[in-house]
Amino acid sequence: MFGRTIRTTFQEVSITVTKKAKCKFCNKKIVRRKKFCQTINPFNKNSNGEIKQSSEIREELKIEKNKWLEDLNEYHQKCYEEDVL
Ligand SMILES: [Zn+2]
């Protein structure tokens, strides 16, 4: 399907998070799921120039996750369009 490209698979570190928010237009509940992931690979280095370990990646994903969870500015695409148009 993708031809004969040779691909190296790197170990993936990921977390999947569910967020419950309210649509800012219709006030109905919205449930969103998001996956945060990074792979352990020779190009994914930390500020010391070392390859990030899974524990390090997990810490970073946690920060990203918390930022996303704090952002409750969610809405249905449909509601948004109805409000704007
Ligand atoms: Zn809505």
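Reader: Among contacts between residues at least 6 apart in sequence, what share joins residues at least 24 apart?
Author: This is a predicted model. Take the chain's contacts between residues at least 6 apart in sequence. The share that joins residues at least 24 apart is 56%.

Reader: In what order do the elements run from the N terminus?
Author: The chain holds two helices and two strands. From the N terminus on, the order is β-β-α-α.

Reader: What is the radius of gyration of the chain?
Author: A compact globule of 85 residues would be near 12 Å. The C-alpha trace here spans about 45 × 35 × 20 Å along its principal axes. Buried residues are 4% of the 85. The radius of gyration of the chain is 18 Å.

Reader: Is Lys52 buried or exposed?
Author: Lys52 sits in the loop between E2 and H1. Its contacts beyond four places in sequence are Ile40, Asn44, Lys45, Asn46 and Ile57. The cut-off for a buried residue is 20 or more other C-beta atoms within 10 Å. Lys52 has 20 such neighbours, so it counts as buried.

Reader: Is Phe43 buried or exposed?
Author: Phe43 lies in the loop between strand E2 (29-40) and helix H1 (54-70). A residue with 12 or fewer neighbours is exposed. Phe43 has 8 C-beta neighbours inside 10 Å, so it counts as exposed.

Reader: How far apart in space are Phe43 and Lys78?
Author: In sequence, Phe43 and Lys78 are 35 residues apart. In space, C-alpha to C-alpha, the distance is 40 Å.

How values were computed. Residues numbered from 1 in each chain as written. Predicted model: local features only at pLDDT ≥ 70, side-chain atom pairs only at ≥ 80, totals over all residues. Helix = DSSP H or I, 4+ residues; strand = E, 2+ residues; numbered from the N terminus. Rg over C-alpha atoms; globule rule 2.2 N^0.38 Å. Contact = placed C-beta atoms within 7 Å.
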